[in-house]
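This briefing groups selected features of the structure by topic. It is intended to be read alongside the sequence and the coordinates.

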Amino acid sequence: MLDNLPANPTGIGASILRKEDRRFLTGRGNYVADLKRPGMTFGVFVRSPHAHASLGAIDTEAARVVPGVLAVLTGADLAADEVGGIPCGWGITGRDGQPMKEPAHPALALGKVRYVGDAVAFVVAETAEAARQAADVVEVAYDVLPSVVNVLDAVRPDAPVLFDEAPGNLCCDWEMGDRAAVDAAFAGAAHVARLSLVNNRLVGNPMEPRAAVAEYDPAGDRTTLWTTSQFPHVVRLLMGNFVLKIPQHKLRVVAPDVGGGFGVKQFHYAEEAVVTWAARRLGRAVKWVCERSEGFISDAHGRDHVTEAEMALDETGKFLALRVSTLANMGGYLSTFGPNIPTNLYAPLLAGVYTTPAIHCEVKCVFTNTVPVDAYRGAGRPEATFVLERLVDVCAAELGMDRIAIRRRNMITADAYPYQTPVMVQYDSGDPVGCMDRALEIADWAGFPARREAAARRGVYRGIGISTYIEACGLAPSRIAIRLGARGGLYESAAIRVHPTGHVTALMGTHSHGQGHETTFAQIVSEKLGVPVENVDIVFGDTDRVQFGMGTYGSRSLVVGGTALSKAADKIILKGRKIAAHQMEAAIDDVVFEGGTFRVAGTDRTRSFEEISLSAYVPADFPLEILEPGLEEQAFYDPVNFTYPGGAHIAEVEIDRETGSVRLVSYVAVDDVGTVINPMIVAGQLHGGIVQGVGQALCENAAYDEGSGQLVAGSFMDYCMPRADMMPRMHVETHNTRCSHTDLGTKGCGEMGTIGSPAAVTNAIVNALSGLGITHVDMPASPNRIWRVMQTAQLPQAAE
Amino acid sequence: MQPFTFRRPADLSEASALLAAEGAVALGGGMSLLPVLKQRLAAHAMLVDLSRLPPLQGISATDGVLYVGAGTTHADVAASPVVAGTIPALAALAGGIGDPQVRNRGTLGGVLANADPAADYPAAVLALGAEVVTDRRAIPADAFFRGLFLTALEPGEIITGVRFPVPAAAGYAKFRSPASRYAIVGVFVARGAGGVRVAVTGAASSVFRVPQMERALDAAFTRDALAGLTVPPEGLNGDIHAEPSFRAHLVGVMARRAVAAALA
Ligand SMILES: Cc1cc2nc3c(=O)[nH]c(=O)nc-3n(C[C@H](O)[C@H](O)[C@H](O)COP(=O)(O)OP(=O)(O)OC[C@H]3O[C@@H](n4cnc5c(N)ncnc54)[C@H](O)[C@@H]3O)c2cc1C
């Protein structure tokens with residue numbers, strides 16, 4: 001355990017209030033939709049109402065004559081202007097050694113539309129209302145084709161094919177692990193447990209819908225795009241270099257305040273390119289604000305797997321080998337990280353916290369007539385955890401073992417780190433047994449049978465479930481990522497500018513969209529440089545202000561960006577020591593920096609941080625012969641390994657026997673996040689993450705109609721977001737081990753709630769129903785679904 | 001949303017005159033009408049705001065009848081001591097509609113005119129044998145609801161209030177949609193002068209009565225009287241939240257819970 005008692009009241013370990021909340025809570029946030037530019041125009045996309053159709057003529061005449069309309073642009077115009085397609089950021093390789101199929105993804109559809117919501121035209125007008133009216137009268141000739149939305153259907157031989165170059169709708173047939181070793185272990189196993197499951201498709205639904213404003217300044221030949229993005233520099237690189245061919249120094253991308261991302265905003269979207277292209281074409285600023293219903297059919301979706309998993313065990317419950325086969329939905333085109341999520345971020349997590357010696361995972365990435373699927377909070381790791389933690393419960397049930405005992409039997413013990421798994425990754429640190437034991441204690445696991453009996457007396461089924469999990473985050477070591485198909489590095493950057501007064505501006509390559517970076521990073525600077533957080537401003541989200549950075553996703557900001565920040569601070573301190581040594585006529589090695597003061601070790605000769613800062617800019621008493629003036633340093637940090645946060649989550653539920661309604665009555669999470677910078681922010685990330693996972697487990701479901709390919713759950717009237725009244729008071733605490741390779745020992749905490757919770761809740765539901773012989777319930781565990789499984793279990797109570 | 005003119009008439013006759021115009025539509029709390037306009041599924045040239053018309057306001061109880069003005073919001077019905085003192089099940093129903101924002105804006109008249117198959121009030125109006133009062137006539141509940149979003153109202157007719165006969169006992173039980181919080185199935189049970197009436201909302205294209213349950217409860221007004229009774233799934237609504245057979249099952253469950261609530 002680390003104890004983080006802060007010596008510095010605003011340093012590492014202090015639960016200070018979030019600096020950014022003054023702005024947000026008083027309505028002074030600055031979002032893309034708030035932006036007004038001189039002469040600004042408004043754009044609206046015309047989207048396909050069909051899941052799959054050949055695109056005929058697009059008649060724009062009626063739209064063009066709507067008063068105020070400036071342009072009606074189509075894929076043909078894009079092609080005429082030689083605008084490139086939307087690139088995919090990862091290229092994975094199939095088991096046959098062939099690269100994945102990567103069909104063209106035009107920013108406005110050409111030839112065919114491939115999902116309901118595929119953009120076919122862009123209308124620009126003087127007012128948003130005129131643009132909307134005109135969009136309504138753009139006449140598109142569609143020749144409707146049969147469509148397919150479900151991966152199981154899409155791989156059938158007679159399925160409609162989206163792309164000629166991808167027969168069978170197969171993007172890639174991928175694998176990881178040692179198939180022969182796994183086959184051998186299965187052949188000799190005393191027992192094999194099997195599970196088929198579906199990981200339900202989700203819509204991310206950040207509170208702020210996507211938006212973009214673009215402007216072209218002919219005077220400087222400069223283009224600016226303001227966009228709701230988690231990674232503005234990457235948008236600049238992808239859009240500037242591959243789509244619109246604008247030189248990087250002539251393109252500025254700004255992501256100002258962004259109201260939640262969850263992955264939905266970590267892709268380069270076609271809309272960004274179209275809005276920017278239109279602004280350059282028209283010579284006017286163009287604004288597009290996505291409506292909520294439009295977001296449902298154009299924001300990349302998450303999850304959507306169908307999986308078969310098998311565990312081979314010996315007679316004592318020891319895991320011998322794991323075999324997993326998954327069909328992963330890619331949607332109608334490849335989104336930025338699409339093929340990476342169900343492969344590289346999935347299979348390496350299948351060891352979980354267990355010593356399973358052999359693992360093989362095969363994944364078929366499949367095109368369907370649905371919105372492209374990409375990373376959503378957790379991205380691959382919740383899917384892996386769900387498979388494994390459900391399967392472990394099935395193993396226990398089939399062997400008649402206790403669910404805790406089988407976990408304990410197979411868990412990696414704290415003394416076994418670093419631990420090399422059979423699926424590439426090497427865990428550096430952790431204590432899953434410690435997390436589990438503490439969670440069992442808080443949740444009073446031992447007292448559960450009495451609670452179950454009390455519930456039964458009230459006519460209610462009660463169940464308890466646990467999920468012991470690990471994840472890989474801090475994306476990512478470029479070395480590994482590039483080997484796995486990344487088409488870019490995954491380092492992070494930070495620059496620290498110390499002003500002559502000792503105030504600090506830190507420029508970060510990451511992007512905060514709710515996580516509280518302005519506070520967390522300021523606390524790191526405060527800790528390192530001994531200045532109060534009030535004296536530190538964190539800047540991000542503007543490619544003109546900030547050096548290159550990869551942005552925020554994969555729980556990477558603190559562990560990768562924070563390490564870069566720490567390293568930049570170390571450079572500041574080193575330079576400060578040189579200046580101080582000169583001024584105090586001491587050797588550099590004799591000057592120490594502690595609590596904001598440079599001191600000649602063992603003496604009372606000191607210089608304050610402010611004094612050194614001033615003399616860096618007013619270099620009167622300064623070693624100009626050996627040192628440049630100024631106090632500004634930058635660091636790029638490329639991690640040596642992923643970080644491996646993890647923990648144990650325990651959920652307890654009650655189920656209404658008559659209606660199948662599930663009530664979550666208790667939730668306990670004990671997580672290992674490494675060093676905690678701000679305990680309040682960590683708790684907040686866990687709370688939010690857990691609720692998102694509970695949403696997946698209990699109610700969220702991006703259901704498509706199989707026949708028409710329409711998204712049935714296309715609004716909040718049908719798509720059920722988790723609500724505050726679904727949640728009990730959560731007990732969240734940490735049980736931390738230090739990460740061995742990040743400067744501060746941090747592991748990250750952004751996604752773990754979402755990774756641990758779906759399995760914990762589902763395991764509790766299955767446990768509640770286990771008396772009826774029920775062994776699995778797919779997510780979301782809606783009342784209707786539970787009632788169905790109870791019916792199928794031939795339950796006298798359900799028929800009452 | 002398409003542009004429209006907004007009018008707030010001072011009295012009923014001005015309201016009717018305005019509503020006689022082409023493209024004019026009544027506006028209550030706007031909770032159903034405005035989303036439809038915003039999604040561009042409908043466009044109206046003029047919105048005639050009835051929400052502040054004096055004759056549509058007020059709650060009163062006299063001679064065994066509870067009168068609720070059509071402009072009364074759900075929040076006001078839920079909080080009314082008069083409603084609580086006469087038909088507490090109606091107050092509970094209003095308090096369970098949607099969310100606080102919807103309850104603070106939405107009105108009784110708007111719900112009835114809209115006749116959404118998943119709305120709550122229609123079950124109460126039908127089970128209590130209420131009368132819907134308009135600027136032209138009084139329409140008995142059994143004749144008011146005509147189908148999916150269909151009522152007996154004529155073009156331009158304004159609902160001014162509802163007369164609810166106060167029952168000896170009444171209860172409402174709702175299985176709500178987890179997403180919208182509308183009724184997947186809602187059952188209102190009332191034991192009044194003319195016997196027991198059971199009305200079901202949410203399950204079909206329009207609110208309907210269940211004579212079989214009414215007979216059973218006339219014989220014995222107990223939860224157990226309904227044991228094993230429900231409605232057939234044929235013709236019931238099906239969606240991603242509840243298939244028809246689940247709705248049929250829920251009608252039985254909610255009816256028993258409504259009786260239990262009436263007896264509580
Ligand atoms: C998120 C959400 C959740 C909801 N959940 C529920 C729920 O759980 N249960 C439920 O019952 N309802 C629910 N509703 C609907 C809500 O109760 C609305 O208030 C109601 O459907 C319409 O009432 P309104 O006063 O807002 O009418 P409006 O939206 O203003 O009007 C609806 C229709 O009625 C007409 N109209 C309005 N007043 C009159 C009048 N006095 N005479 C004649 N015609 C009139 C209008 O012309 C229009 O056609 C929900 C709505 C939302 C948005």
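This is a predicted model: local features need pLDDT of at least 70, side-chain atom pairs count only at pLDDT 80 or more; totals for chains, interfaces and linings use all residues.

Val618(A) is located in the loop between α17 (609-617) and β27 (632-637) of chain A.

**Surface patch in chain A**
- Together with Leu614(A) and Tyr617(A), Val618(A) makes a nonpolar surface patch of about 260 Å².

**Five-stranded sheet in chain A**
- Five strands of chain A form an open sheet in the order β7-β17-β16-β15-β8, and their pairing is mixed.
- The edges are taken by β7 (170-177) and β8 (191-199) of chain A; each has a single partner strand, so one side of each is left without a neighbour in the sheet.
- On average, neighbouring strands of this sheet are turned by 10° against each other, direction ignored.
- Within the sheet, β15 (residues 305-313) and β16 (residues 319-331) of chain A run antiparallel and are joined by nine bridges.
- Glu310(A) stands opposite Arg323(A), which belongs to β16(A).
- In general, strands of a sheet pair through backbone hydrogen bonds, in either a parallel or an antiparallel manner.

**Annotated domain in chain A**
- An unreviewed UniProt entry annotates residues 26-146 of chain A as "domain: Aldehyde oxidase/xanthine dehydrogenase a/b hammerhead".
- Residues 26-146 of chain A are 16% helix and 29% strand, and the end C-alpha atoms of this span lie 51 Å apart.

**Domains of chain B**
- Chain B is divided into domain 1, residues 1-48, and domain 2, residues 169-263.
- A distance of 34 Å separates the C-alpha centres of domain 1 and domain 2 of chain B.

Methods
Residues are numbered from 1 along each chain as its sequence is written. Chains are lettered from A and ligands numbered from 1 in the order in which they are written. Side-chain values use heavy atoms; hydrogens and water are left out. Two strands pair if DSSP finds at least two bridges between them. Helices (H or I, at least four residues) and strands (E, at least two) are DSSP runs, numbered from the N terminus. Axes are lines fitted to C-alpha atoms, for helices over the stretch in contact, and angles run from 0 to 180 degrees between N-to-C directions. UniProt positions are given in the numbering used here, feature names are shortened, and annotations may be inferred rather than shown by experiment. Patches are made of residues with over 30% relative accessible area and no salt bridge: like charges are joined within 9 Å, nonpolar side chains (Val, Leu, Ile, Met, Phe, Trp, Tyr) within 5 Å. Accessible areas come from the Shrake-Rupley method with a 1.4 Å probe; for residues, only the protein chains shown count as cover. A salt bridge is a side-chain nitrogen of Lys or Arg within 4 Å of a carboxyl oxygen of Asp or Glu. Domain bounds come from an automatic or database domain assignment.
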